[in-house]
Each structure stands twice: as C-alpha cells, then as structure tokens.
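User: I'd like to learn how to read the features of a protein model. Could you take me through one step by step?

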Amino acid sequence: MNQLIHIGFGNIVNTSKMIAIVTPDSAPVKRLVQKAKENGTAIDATQGRKTKAVLVMENNQLVLSALLPETIAGRVQSEKVGEDEA
C-alpha cells in the first residue's frame with residue numbers, strides 16, 4: 001500500500017516512489033538539482049526557504065524540501081513501524 005509522508009508546508013510525497021533522500025551540499029547534487037530545474041523535473045516544496053533535502057523519485061523527478069534529511073527519514077521509519085504494528 002502507498003504510504004504518504006509530510007515533507008513540510010503541507011506538501012506530501014509517496015514513500016513507495018522515493019529512491020533516496022540526499023543533502024544538497026555536494027557539487028554533484030547541486031548539478032543534479034540545477035539540471036532538473038532546467039528540464040522542468042524539479043518540484044520545489046520549500047516555500048521559498050533554503051533547500052535542506054533533495055528527494056530523488058522513481059520517475060527521475062527531484063523534490064526539494066526545507067526539512068532535514070534526518071527528519072524526513074525519521075518520518076518514513078515511523079510510518080513503517082506504525083504499519084508493521086497494525
């Protein structure tokens with residue numbers, strides 16, 4: 001079943017479509033984000049704030065979030081724990 005998690009400012013993503021959650025600090029990730037913005041495959045969910053996490057999705061799209069990668073990963077893990085208990 002598809003699980004949805006909140007990534008900040010009322011934005012929600014499908015966890016089954018996520019491949020990775022990375023920080024935008026390294027040069028390769030910055031290039032990846034820039035290329036996605038040019039191609040129109042970047043989804044900016046930061047509401048004008050600093051990008052702290054980049055979610056790489058199955059369909060070669062990037063979702064930019066203002067939450068830390070650890071926060072998003074923690075939410076994914078807590079969803080899985082809740083699912084296992086149910």
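This is a predicted model: local features need pLDDT of at least 70, side-chain atom pairs count only at pLDDT 80 or more; totals for chains, interfaces and linings use all residues.

User: Which order do the strands of the open sheet have?

Analyst: Strands (E, at least two residues) and helices (H or I, at least four) are DSSP runs, numbered from the N terminus. Two strands pair if DSSP finds at least two bridges between them. Here, four strands form an open sheet in the order S3-S5-S6-S4, with mixed pairing. S3 and S4 are the edge strands, each pairing on one side only. S4 and S6 run parallel and are joined by three bridges; Ala42 stands opposite Leu62 in S6.

User: Where do the helices lie?

Analyst: For angles, axes are lines fitted to C-alpha atoms, for helices over the stretch in contact (heavy atoms within 4.5 Å). Angles run from 0 to 180 degrees between N-to-C directions. Helix H1 (residues 27-39) lies across S3, S4, S5 and S6, at about 110° to S6. Helix H2 (residues 69-85) lies across S3, S5 and S6, at about 145° to S3.

User: How many salt bridges are there?

Analyst: Look for a side-chain nitrogen of Lys or Arg within 4 Å of a carboxyl oxygen of Asp or Glu. That rule gives one salt bridge: Lys17 with Glu58, with 3.8 Å between the closest N and O atoms. Lys17 lies in the loop between S2 (11-14) and S3 (18-22) and Glu58 in the loop between S5 (53-57) and S6 (62-65), so the pair ties together parts 41 residues apart in sequence.

User: Is Thr46 buried or exposed?

Analyst: Buried means under 20% relative accessible area, exposed over 50%, and partly exposed in between (1.4 Å probe, protein chains only). Thr46 has 2%, so that residue is buried, and sits in the loop between S4 (42-44) and S5. Leaving aside neighbours within four places in sequence, Thr46 is in contact with residues including Phe9 and Leu64.

Methods. Residues are numbered from 1 along each chain as its sequence is written. Side-chain values use heavy atoms; hydrogens and water are left out.
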